[in-house]
Amino acid sequence: MKKVLLLICTTTIFFATACKSFDRNKHLQTEIPVEKLIKDINYVEKNLFKMHPKVDWYISKEQLSAEFDSLRASLKNPMKPNEFYFVIAPTIAKVRQGHMRLAPIHHTYDKAQKKKYKRSENPMSNIDFIYQNDKLYIKDHFRKHPNDSLLTIGSEVLDINGLKPVSLYNKYESTITADGYVKTMHPYYFARIINQLYAFELGYQDSLRWTLKCGDSIFQHTTYRIFRNDDFVPPYKAKMDSIYKSLTKEERKLRNKRLDEEYSTRYKKNRQYGWDYKRKVYSKELSFPVVKDSTVAVLTIRDFTKGTYRVYDEIFDKIKEKEVEYLIIDLRDNPGGRLKELHTLTKYLNDEPFTLIDYPTVNSQLYFFHNFRQKSPVFYTLAGPIVGTYGLIHSITKTFKDNEGTWRVAMPSAELTDPKPNAYKGKIYVITNGMTFSAASILAAHLEAKKNVLMVGEETGGTYNGTVAGQMPELKLPHSKLNWRLGLMTIAPSNKKEEGSGVQPRVPITRTAEQFFDDIDPEMDWILRDIFKQKNRKK
């Protein structure tokens, strides 16, 4: 039913969007009168209190209202939309909810530009970065332009088109929202979105001039937009075609059959384990770091979005088969994802019945309908009856009031859950860093309370006591047209600690950029040394 509803809603939104005309570029250059900016502030304040289930988690409602009053009083002159963004975003950030986002408006292409840039890659695409101690480094890149061989991994980016990364960070840091009082996530998140920020500051470019530092050498390099023609043929396919033409009819049949079998096997694994075609890594990956010793295993989980959560049965069957005694779960740079997948995983990490989270709280019994705010008349006409029926059934069957009169949502993750027959019962080490966020942070909090678990690394980017996410509608401010996303459900682990901080590792270690580029992993090294000590004690 959910998949059918999603398909209908997506199709309807497509047609509704296609029918709607909006000159974004003209709007970007138009100053908005003060009275209309105040209406946008009122809109945000009203809907925060109406939709957000725990707006006063880290700031009292009185303090938040005072912040909005101060913001309204500070407006003296008309502003363009993105000027207004830098005024209102810091106030929204004071709610301290990492899933809540206000986004500036980007310049859009006209028809001629859309045709020109079709299937092109911008000059900063396919590059990963590390931002640490006010310095930006190239972490990895997947660009195919022959000129980009000079983009050496580990090089420090001093500026791009004259704009220094630290200037960009200082400008946007107050607009970056994080859960609670955690600060570790900011540099990681900045490194993830820096491509968007440079595009926002510099506009769409066909080339960018970089000033890079590699070792003691400072040099300049230009990256170019990569264009692909409609008749572009990937090199591997061109090679296959040349081989194919030289084969007989019978050889072609045999070859096609073999390739189909290989593709089917490879596709199945890629789909199950979540293959990242750009970075050439799996979302879920089991490895054995010690040569000729299968008692130590590393389960790397890069996200909870790619792959199928049913793959954990295969993973833990192998862990049991190898008689693993020490399991290292690497959650570094895991931004979170599906709660259902997280719930499935925890069934293999508990040896007795457990509860993963509390029943999520929401602001009203009809909270589900907030997902369909601001839709067009086309949407309500075509999808309204289905959405309305499903939403009504959901509201009646899934929401309830607790003893304190708070609306909550029934979810399997909040029920008492039995572990799987092949659940792991040995020693567990968990590695986290500032980008361990959302569902990954919930997992870290759940495991931290277990006696057989030792946390190593950096404070998580998500708080110990949970976050507000679950369902996250996007709204558009009426006059500035800024896009605003907010969560509707509290997702909180059953065990709680001090409010506002992340999951604090018992063994705090922060991996430096220099260690990363030298292929030194201090967290993993510490764990392996600790395991070695424990093995020696058993002898």
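This is a predicted model: local features need pLDDT of at least 70, side-chain atom pairs count only at pLDDT 80 or more; totals for chains, interfaces and linings use all residues.
Residues are numbered from 1 along each chain as its sequence is written, and side-chain values use heavy atoms, with hydrogens and water left out. Local features need pLDDT of at least 70 and side-chain atom pairs count only at pLDDT 80 or more, while totals for chains, interfaces and linings use all residues.

Helices (H or I, at least four residues) and strands (E, at least two) are DSSP runs, numbered from the N terminus. Buried means under 20% relative accessible area, exposed means over 50%, and partly exposed lies in between (1.4 Å probe, protein chains only).

Salt bridges come first. Side chains of opposite charge can pair when their charged atoms come close. A salt bridge is counted when a side-chain nitrogen of Lys or Arg lies within 4 Å of a carboxyl oxygen of Asp or Glu. The count by this rule is 20.

One of these bridges joins Glu-523 to Arg-332, with the closest N and O atoms 3.2 Å apart. Glu-523 lies in helix H17 (residues 522–538) and Arg-332 in the loop between E11 and helix H12 (339–346), so the pair ties together parts that are 191 residues apart in sequence. Glu-523 counts as buried because its relative accessibility is 2%. Arg-332 is also buried, at 13%. Both residues belong to a network of salt bridges that links Asp-330, Arg-332, Asp-521 and Glu-523.

Asp-303 and Lys-306 form another salt bridge, at 3.3 Å from N to O. Asp-303 has 6% relative accessibility and therefore counts as buried. Lys-306, with a relative accessible area of 35%, is partly exposed. A further bridge brings together the side chains of Arg-408 and Asp-402, at 2.8 Å from N to O. Asp-402 is buried, with a relative accessible area of 19%.

Aromatic contacts follow. A pair of aromatic rings is described by the distance of the centres and the angle of the planes. Rings of Phe, Tyr and Trp (its six-membered ring) pair if their centres lie within 6.5 Å; planes under 30 degrees apart count as stacked, over 60 as edge-to-face and the rest as tilted.

The structure holds 17 aromatic pairs. In one of them, the ring centres of Tyr-131 and Phe-190 are 4.8 Å apart and the planes are at 65 degrees, so the pair is edge-to-face. Tyr-131 lies in strand E2 (residues 127–132) and Phe-190 in helix H8 (residues 185–202), so the pair ties together parts that are 59 residues apart in sequence. Tyr-131 is buried, with a relative accessible area of 6%. Phe-190 counts as buried too, at 0% relative accessibility.

The rings of Phe-316 and Tyr-348 have centres 4.9 Å apart and planes at 15 degrees, so this pair is stacked. Phe-316 lies in helix H11 and Tyr-348 in the loop between H12 and helix H13 (377–382), so the pair ties together parts that are 32 residues apart in sequence. Both Phe-316 and Tyr-348 are buried. Elsewhere, Tyr-85, Phe-86, Tyr-172 and Phe-200 form one aromatic cluster.

The backbone was examined next. Most residues other than glycine have a negative phi, and most peptide bonds are trans. Glu-323 is not a glycine, yet has a positive phi of about 55 degrees. Glu-323 sits in the loop between helix H11 (311–321) and strand E11 (326–330). With 61% relative accessibility, Glu-323 counts as exposed.

Ser-438, again not a glycine, has a positive phi of about 55 degrees. The loop that holds Ser-438 runs between strand E14 (427–432) and helix H15 (439–448). Ser-438 is buried, with a relative accessible area of 12%.

Ile-32 lies in the loop between helix H2 (24–28) and helix H3 (34–51). Ile-32 is buried, at 5% relative accessible area. Its C-alpha atom is separated by 5.9 Å from that of Lys-80, 48 residues apart along the chain.

The surface carries a positive patch formed by Arg-24, Lys-111, Lys-114 and Lys-476. Patches are made of residues with over 30% relative accessible area and no salt bridge; like charges are joined within 9 Å, and nonpolar side chains (Val, Leu, Ile, Met, Phe, Trp, Tyr) within 5 Å. Lys and Arg count as positive and Asp and Glu as negative, with His and the chain ends not counted. Lys-111 counts as exposed, at 77% relative accessibility.

Note on methods:
Accessible areas come from the Shrake-Rupley method with a 1.4 Å probe; for residues, only the protein chains shown count as cover. The place of a charge is taken as NZ of Lys, CZ of Arg, CG of Asp or CD of Glu.
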